[in-house]
Amino acid sequence: MVKYQGGQVVSKTLAQDTSHSLTLFAFEKGEEISSHSSSGDALVIALDGVGQVTIDDQVFTLKAGESILMPANRPHAVFAPERFKMFLVVSF
């Protein structure tokens, strides 16, 4: 598991190859990953806290145990209104 660290987003890549990427993230309150797009479909699974995922300017709030799919080639971002941990699975 990744640990929270003040004022930053911490990530740990568990596995990555040309087809998939598996990464754990811990966001301190107020931190974010700004809008970007990816060539792969990305599944976000909320593990702890609350996070906001924005896809095409639509905001979705996730709590522990919930998930959302971020489709490939569409702008998306993640913001932590409070501490937030997530597991990200990307399939290219």
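What follows is a short walk through the side chains and the backbone.

This is a predicted model, in which local features need pLDDT of at least 70 and side-chain atom pairs count only at pLDDT 80 or more, while totals for chains, interfaces and linings use all residues. Residues are numbered from 1 along each chain as its sequence is written, and side-chain values use heavy atoms, with hydrogens and water left out.

I start with the core. A nonpolar core here is a set of buried Ala, Val, Leu, Ile, Met, Phe, Trp, Tyr and Cys residues joined through side-chain atoms within 4.5 Å. Buried means under 20% relative accessible area, exposed over 50%, and partly exposed in between, with a 1.4 Å probe and protein chains only. The largest such core has 16 residues, and Phe27, Val44, Val53, Met70, Phe84, Met86 and Leu88 have the most contacts inside it. At least two residues each come from E2, strand E4 (41–55), strand E6 (67–70) and E8. E4 gives the most, with five residues. Strands are DSSP runs of E, at least two residues long, numbered from the N terminus.

Now the rings. Rings of Phe, Tyr and Trp (its six-membered ring) pair if their centres lie within 6.5 Å; planes under 30 degrees apart are stacked, over 60 edge-to-face, and the rest tilted. The count is two aromatic pairs. In one of them, phenylalanine 27 and phenylalanine 84 are tilted, at 5.9 Å centre to centre and 40° between the planes. Phenylalanine 27 lies in strand E2 and phenylalanine 84 in strand E8, so this pair ties together parts 57 residues apart in sequence. Both residues are buried. Ring pairs link Phe25, Phe27 and Phe84 into a cluster.

Phe25 comes up again at the largest pocket. Which residues lie nearest its centre? They are Phe25, His36, His76, Leu88 and Val90, out of 14 lining residues. By class, the lining has nine nonpolar, five polar and no charged residues. For the terms: on a 1 Å grid over the protein atoms alone, a pocket is an open set of points where a 1.4 Å probe fits, with protein on both sides within 12 Å along at least five of seven lines, and lining residues have an atom within 4 Å of a point. Ala, Val, Leu, Ile, Met, Phe, Trp, Tyr, Cys and Pro count as nonpolar, Asp, Glu, Lys and Arg as charged, and the others, Gly among them, as polar.

Last, the loops. Asparagine 73 has a positive phi of about 60° although it is not a glycine, and is found in the loop between E6 and E7. At 59% relative accessibility, asparagine 73 counts as exposed. Aspartate 56, with phi near 50°, counts as partly exposed at 34%.

Key: Helices (H or I, at least four residues) and strands (E, at least two) are DSSP runs, numbered from the N terminus.
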